[in-house]
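The sequence and the model are shown first.

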Amino acid sequence: MKRTLSLILALLVALGAFAICGAAEAEIPEVVIWGGVPAENGPQALCDAFNEKYAEQYHATYYRFVNDDSGNTKLETALLSGEQIDVFFSYGLDRITARANGGMMYDMSQIEGAEEWIKTTLVDGCLNYIDGGIYYIPTNNEPQFLFLNKDMFDEAGIAIPESWTFEEYKETAKALTTEEHYGAYSFRFDNSLCTIALGKDYYYNEDGTAANYNREEIKEIVQLVYDMHFVDQSVYPYGEVLSQGISAYPQDLLIGEDIAIIESSYWFLRYIKNTADYPHDFITAFAPMPTGGASYNNGALNNYISIAQNAKSVEAAWAFVQFWLAEGYSELYVGGKIPVVREGVNEDES
């Protein structure tokens, strides 16, 4: 009997030891990240690198949501319902404002040293405030340029431009248009051209007291885009873009040879390179945006990272945010992402 009791006690002690070890492992904070970039285009490799470095401290898990209206609604519903999300991405300042005001974002100015870290580690323009708080940080530099179907240019006898004006762009799109395809994709292209001509604050007059829509440059640009749509009919129809729900991801139009020109940034390369899922045999060429007026590039810092208001561990979430922005960013090059880390910050890393 005593021997039986001894065996039972030994077994209970052993089971207790396993339970204690299991509890210790469970105490490693899990960082749950929601982002719009497919995991295979860099985020998973970045998370793997983070997990390797912080194996004894944190563990990161990445979930992809589709960056369209439905996907963003799903993200916000999850944030408001209390589902565990510790870090998430926003793609557009309009969504950031709504999420900050809606109590979905943690104020990173409460993290000791965060403001100074952003100032010294990241390029100018990355430190932004909403009512004195830091709710988001851009992670990606996205200059805009044009992707071209070179085969269509060759067939039309048009050289790939090294520079061109708004009017030359318009005439080229017209010349490229056939019964089989349109010359260009032009969703909200008037915004792009207005930014190029007048700068990012083109909506307002110089002192910021009134709208700027009486500017002659804006009238000319709106007329140009109107003519491309309804006179030349050289751009993919606006109504089709909306009815097909492809405004956020129009890559199939270029891949499927429905258009010859599309505006995008480096991230679009992931579709060009992926001939398994996006088969095509034409040569892709590149051209700068057409110029006019001040000739600003209409790109921007983008892909804004935030810590969720209800993050389980702000410490773990901040560690991940820092890793994504600086040390781990090279994992995202495969997806066409260009970092915002200052030159030289990671020079000691290969």
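## Nonpolar cores

In this predicted model, isoleucine 137 touches Met108, Ile118, Leu122, Cys126, Asn303, Tyr304, Ile305, Trp318, Val321 and Leu325, leaving aside residues up to four places away in sequence. Isoleucine 137 is also one of the residues with the most contacts inside the largest nonpolar core, together with Ile33, Ile307, Trp318, Phe320 and Trp324. That core has 57 residues. Helix α13, residues 314-325, gives the most to this core, with nine residues.

Another core lies apart from it and has 29 residues, among them Leu146, Trp164, Leu176 and Ala260.

## Overall composition

The secondary structure comes to 13 helices and nine strands. Of the 350 residues in the protein, 46% are buried. Among contacts with a separation of 6 or more, 74% come from residues 24 or more positions apart. The protein exposes about 18300 Å², and carbon and sulfur atoms supply 51% of that area.

## A four-stranded sheet

An open sheet is formed by four strands in the order β6-β7-β5-β8, with mixed pairing. Strands β6 (182-184) and β8 (284-287) stand at the edges; each has a single partner strand, so one side of each is left without a neighbour in the sheet. On average, neighbouring strands of this sheet are turned by 25° against each other, direction ignored.

Within the sheet, β5 (residues 145-149) and β7 (residues 259-264) pair in the antiparallel sense over four bridges. Phenylalanine 147 stands opposite isoleucine 262 in β7. Helix α7, residues 166-176, lies across β5, β6 and β7 and runs at about 155° to β6.

Which residues of helix α4 are buried? In this helix, residues 93-101, they are Ile96, Arg99 and Ala100. These residues cover an arc of only 100° around the axis, which puts them on the same side of α4. The buried residues of α4 pack against α3 (69-81), β3 (87-90) and β9 (300-307).

The face turned away from the buried side of α4 carries the exposed residues Asp94 and Asn101. Just after α4, glycine 103 takes a positive phi of about 75°.

Most residues other than glycine have a negative phi.

Glutamine 233 is found in the loop between α9 (216-231) and α10 (238-244). Glutamate 257 lies in the loop between α11 (251-255) and β7. Glutamate 257 counts as partly exposed because its relative accessibility is 32%, a value between the 20% and 50% cut-offs.

## Valine 241

Helix α10 holds valine 241. Is valine 241 buried or exposed? At 2% relative accessibility, valine 241 counts as buried, the cut-off being under 20%. Valine 241 and tyrosine 185 are 56 residues apart in sequence, and their C-alpha atoms are 9.3 Å apart in space.

Technical notes. Residues numbered from 1 in each chain as written. Predicted model: local features only at pLDDT ≥ 70, side-chain atom pairs only at ≥ 80, totals over all residues. Heavy atoms only, no water. Pairing = 2+ DSSP bridges. Helix = DSSP H or I, 4+ residues; strand = E, 2+ residues; numbered from the N terminus. Axes fitted to C-alpha atoms, helices over the stretch in contact; angles between N-to-C directions. Contact = heavy atoms within 4.5 Å. Buried < 20%, exposed > 50% of the residue type's maximum accessible area, 1.4 Å probe, protein only. Arc of directions from axis to C-beta. Areas by Shrake-Rupley, 256 points an atom, 1.4 Å probe, with all protein chains shown as cover. Core = buried A, V, L, I, M, F, W, Y, C linked by side-chain atoms within 4.5 Å.
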